[in-house]
Amino acid sequence: SLVGSFEESQVGFSTIVGSAVFNVIFVIGVCALAAPRPLVLTWWPLFRDATFYVISLIALSSFFVVSSKDLIEWWEAAVLFCMYLLYVF
């Protein structure tokens with residue numbers, strides 16, 4: 001994905017989404033395997049992560065399809081980055 005960001009390549013929307021889904025599932029699975037005892041979680045982390053993920057996918061797909069076809073402009077990248085900062089903090 002890093003190389004695809006700076007050069008013209010076949011890295012597309014589905015590649016990015018598929019990679020993100022795999023990474024999320026893999027990290028959760030490794031954490032569950034590494035935990036010494038069962039983890040007790042509330043509904044909030046899953047709700048927060050799923051909500052931000054859906055909103056970011058809607059924003060990304062609307063940028064790709066509606067706003068600037070097959071291209072992410074600087075202001076769209078800034079919006080996505082601000083969404084990331086909102087998620088982190």
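Helices (H or I, at least four residues) and strands (E, at least two) are taken as DSSP runs, numbered from the N terminus. On this basis the protein chain contains four helices and zero strands, and its pattern, read along the sequence, is α-α-α-α. The model is a predicted one, in which local features need pLDDT of at least 70 and side-chain atom pairs count only at pLDDT 80 or more, whereas totals for chains, interfaces and linings use all residues. Residues are numbered from 1 along each chain as its sequence is written, and side-chain values use heavy atoms, with hydrogens and water left out.

Of the 89 residues in the protein chain, 10% are buried, where buried denotes under 20% relative accessible area, exposed over 50% and partly exposed in between (1.4 Å probe, protein chains only).

Seven aromatic pairs are present in the structure, a pair being rings of Phe, Tyr and Trp (its six-membered ring) with centres within 6.5 Å, stacked if the planes are under 30 degrees apart, edge-to-face if over 60 and tilted for the rest. Among them, Phe22 and Phe26 are stacked, at 5.7 Å centre to centre and with 20° between the planes; these residues lie four apart in helix α2 (residues 13-34), and are therefore separated by about one helical turn. Phe22 is exposed, with a relative accessible area of 53%. One aromatic cluster is formed by Trp43, Trp44 and Phe47.

One salt bridge (a side-chain nitrogen of Lys or Arg within 4 Å of a carboxyl oxygen of Asp or Glu) is found in the whole structure. It joins Asp49 to Arg48, with the closest N and O atoms 3.0 Å apart; Asp49 is partly exposed at 31% relative accessibility, and Arg48 is partly exposed at 29%.
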